[in-house]
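Dear colleague,

Please find below the structure for your review. My findings follow directly after it.

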Amino acid sequence: MRHLLNILELSVEEIDRLIATADDIMETPAKYENACAGKILATLFFEPSTRTRLSFESAMLGLGGRVLGFSDSSSSSAKKGESVADTIAVASAYADIIAMRHPKEGAPLVASLHSRVPIINGGDGGHWHPTQTLTDLLTIRHEKGRFDGLTVGLCGDLKFGRTVHSLLEALSRYPGVRFVLISPRELELPPVVREECIDKRGIPCKTCRSLEEAMGELDILYMTRIQRERFASEEEYQRLKDSYILTPEKLQAAKADMIVMHPLPRVNEIDVQVDDDPRACYFRQAYYGRYIRMALILMLLAESGAGKGVPDKARPRLPESLLPGGSCQNPHCITTTEQGLEQRFTRTEAGEYRCFYCEHKAE
Ligand code: NCD
């Protein structure tokens, strides 16, 4: 059975096919209005969301399916201390496909080990957010017509911004891409992301501290929110929260056909006056999210052959190549909260050990 935990689980060709399906749905929605009749999507959101959850629900309803779920962990048994594994084992008996969001990194991976139906990662901590990336790719295809040869500036919270991590992974596969990383020193990309998506692939990359330094050379400016909820200290957040604010004046130095993207919600990193600029495409971006999620639901359901019959919850079998070891040092890792979860590590080609769940380097 196929899940979507990380964007790299989809090949470039599969992404092209999803984009083609999304385009076809936008053009002829009536053709798809009963495509998921009789199917149920569960949206299990242990962390707040507007666009991701609503666009998933709207996507399933637009395909003639039905939806159930919760939008807040306090209204689920997580509040009573239930594990992700148990919640998913139960929910996957009630639904044909699950979209979930969780504050802990690696939670969707744990879910996939216990699920009878496809799991879609709708964001896990500061780790990954593959369906936002699909949304971003559909937007780029529509607005720029291509992925190759683009200079992409990513600005704001590159440390905790999961949308940035997944987008870098996805774009690093296209020829001629260049990245410009614009962040305070404290919010630079996690070393693992930088190594995997940029250094290993030899992608040209520049680091800047100000928007002004980068503006003139960009084809895409991807703005992000400073992720308050992931900071260890409120003081540090207060110090960094206004690091970057895009204004019409700053945009004057940009190319006439540059586009401004943002996964939303914005706090104040884009002045509302920028919304009037035709280069601002973040609300169009949110619109596209529904259609690429429709395409994804269709693909995963077609490939899943979801389990039927009365289930038994056995303990999952982990790949034998995984190594046991001490505990993961990442405070945001699912292993820090999930009871009964056995710690496992992978060994990279360079001989480093990484947590199987959150990919943090082990000391
Ligand atoms: C993003 C997220 O949840 O990571 N939002 C989204 O899914 N559209 C970005 C954010 O919360 O800043």
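Ser 166 is buried: its relative accessible area is 0%, and burial requires a value under 20%. This is a predicted model, so the value describes the prediction.

The residue belongs to helix α6, which covers residues 162–171. When neighbours within four places in sequence are set aside, the contacts of Ser 166 are with Ile 7, Trp 128, His 129, Pro 130 and Thr 133.

Turning to the protein as a whole, its secondary structure consists of 11 helices and 11 strands. The radius of gyration is 20 Å, close to the 21 Å given by the globule rule for 363 residues, so the protein is as compact as a globular protein of that length. Along the principal axes, the C-alpha atoms occupy a box of roughly 60 × 55 × 35 Å.

Of the 363 residues, 54% are buried, and Ser 166 is one of the buried residues. Among contacts with a separation of 6 or more, 71% join residues 24 or more positions apart.

As regards the surface, the protein exposes about 15,700 Å², and carbon and sulfur atoms supply 50% of that area. The charged side chains comprise 45 positive and 51 negative ones. The centres of these two sets lie 2 Å apart.

Yours sincerely

Note on methods
Residues numbered from 1 in each chain as written. Predicted model: local features only at pLDDT ≥ 70, side-chain atom pairs only at ≥ 80, totals over all residues. Heavy atoms only, no water. Helix = DSSP H or I, 4+ residues; strand = E, 2+ residues; numbered from the N terminus. Rg over C-alpha atoms; globule rule 2.2 N^0.38 Å. Buried < 20%, exposed > 50% of the residue type's maximum accessible area, 1.4 Å probe, protein only. Contact = heavy atoms within 4.5 Å. Areas by Shrake-Rupley, 256 points an atom, 1.4 Å probe, with all protein chains shown as cover. Lys, Arg positive; Asp, Glu negative; His and termini not counted. Charge placed at Lys NZ, Arg CZ, Asp CG, Glu CD.
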